[in-house]
Amino acid sequence: MTDPADGAAAAAAAAAARDRWARSPRGPLALVNAQRVDHAQPVWPVPGTWAPAVGGLTVTADAADGVVVDGVPVDGTVLVAGDEAVVPSAVAFPDGFAGTVSGSTLRVWDPASDAIARFTRIDRFPYAADLVRPGRYTPVDDSLEAPGHVLDAAGDPLLVAGTVETTVGGVVASLLAVRSAPFGGVARLQLIVQDGTSALPEDDAASSYSMGRFLFVDDPGGPADVAVDWNGLVLPPCAFSYQYACPIPPPQNRLVIPIPAGERHPIDHDGAVLH
């Protein structure tokens, strides 16, 4: 079991890193547009005409537009490689804007966005040592059944990895876990959850973001005991910007019991919920 003092110190370090991430040039507060491009079209607030292409998008622009792809000014039509390429393209625009391509979507980032200027911190519940709980991970058995899927709000499938069973507040919960991208070289499982704090008005000091929160658990790669540290609950990107789609918590991950741990809301300079 983690020593409470060590756990609190680790949580404080993670909190500081999350605050830096939120206001970073590629953090969620910097995303000002995420536009799906399925035909030739302009994209606000940047220059050029954008169109779908194999491997990413194309941009058509004049040299005077100031669009730069992979360090080369655009004067004509060029391919902007998406995030599935071996080397995704880097796109720069005038006034400090930047662009990235994910699938058929152009994301536009503004490191001087109004949201970054207004943001002060992520509000959090106090660290609670009693909310570090043992759990048991059971992966989906591919030999018995095909992996199930849940969908995010954009309709994209999230591959189910298995279930994590744990007890919180005296209630036994069997939570659906989806596969997550590795972090720091470590494979992880992602739990998309709502709890009793999600149902409270946002100005209630016991509330959290209404759409739910994420909890990441190290992926043991097979059936195993795991640590479920509810202090690690984090806000989804959609809590910071309307340009993100929130994954919908699957029914079995919608808990009635409140879990007063982890991140609550992004807060502005006036102490109000930012978004």
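How much accessible surface does the protein chain have, and what share of it belongs to carbon and sulfur atoms? It comes to about 13500 Å², and 57% of that belongs to carbon and sulfur atoms; the areas come from the Shrake-Rupley method with a 1.4 Å probe, and for residues only the protein chains shown count as cover.

Okay, some ground rules. This is a predicted model, where local features need pLDDT of at least 70 and side-chain atom pairs count only at pLDDT 80 or more, while totals for chains, interfaces and linings use all residues. Residues are numbered from 1 along each chain as its sequence is written, and side-chain values use heavy atoms, with hydrogens and water left out.

Now the overall picture. The protein chain has two helices and 19 strands. Those are DSSP runs, numbered from the N terminus: H or I with at least four residues for helices, E with at least two for strands. The C-alpha trace spans about 65 × 55 × 30 Å along its principal axes.

What about the radius of gyration? For 275 residues, a compact globule would come out near 19 Å, and the protein chain has 21 Å, which agrees. That radius is taken over C-alpha atoms, and the globule rule is 2.2 Å times the number of residues to the power 0.38.

Of the 275 residues, 44% are buried. Buried means under 20% relative accessible area, exposed means over 50%, and partly exposed is in between, with a 1.4 Å probe and protein chains only.

Let's zoom in on threonine 58, which sits in strand S4, residues 56–61. Is threonine 58 buried or exposed? Its relative accessibility is 18%, so it counts as buried. Beyond its neighbours within four places in sequence, threonine 58 touches, among others, Trp50, Ala53 and Val78; contact here means heavy atoms within 4.5 Å.

Aspartate 270 is our next stop, in the segment after strand S19 (263–268). Aspartate 270 counts as exposed because its relative accessibility is 74%.

Last stop, the cysteines. How many disulfides does a search of the whole structure find? One, where a disulfide is a pair of cysteine sulfur atoms within 2.5 Å. Cysteine 238 and cysteine 246 form it, with their sulfur atoms 1.5 Å apart. The torsion about their S-S bond is about 60°, so the disulfide is right-handed. Both cysteine 238 and cysteine 246 are buried.
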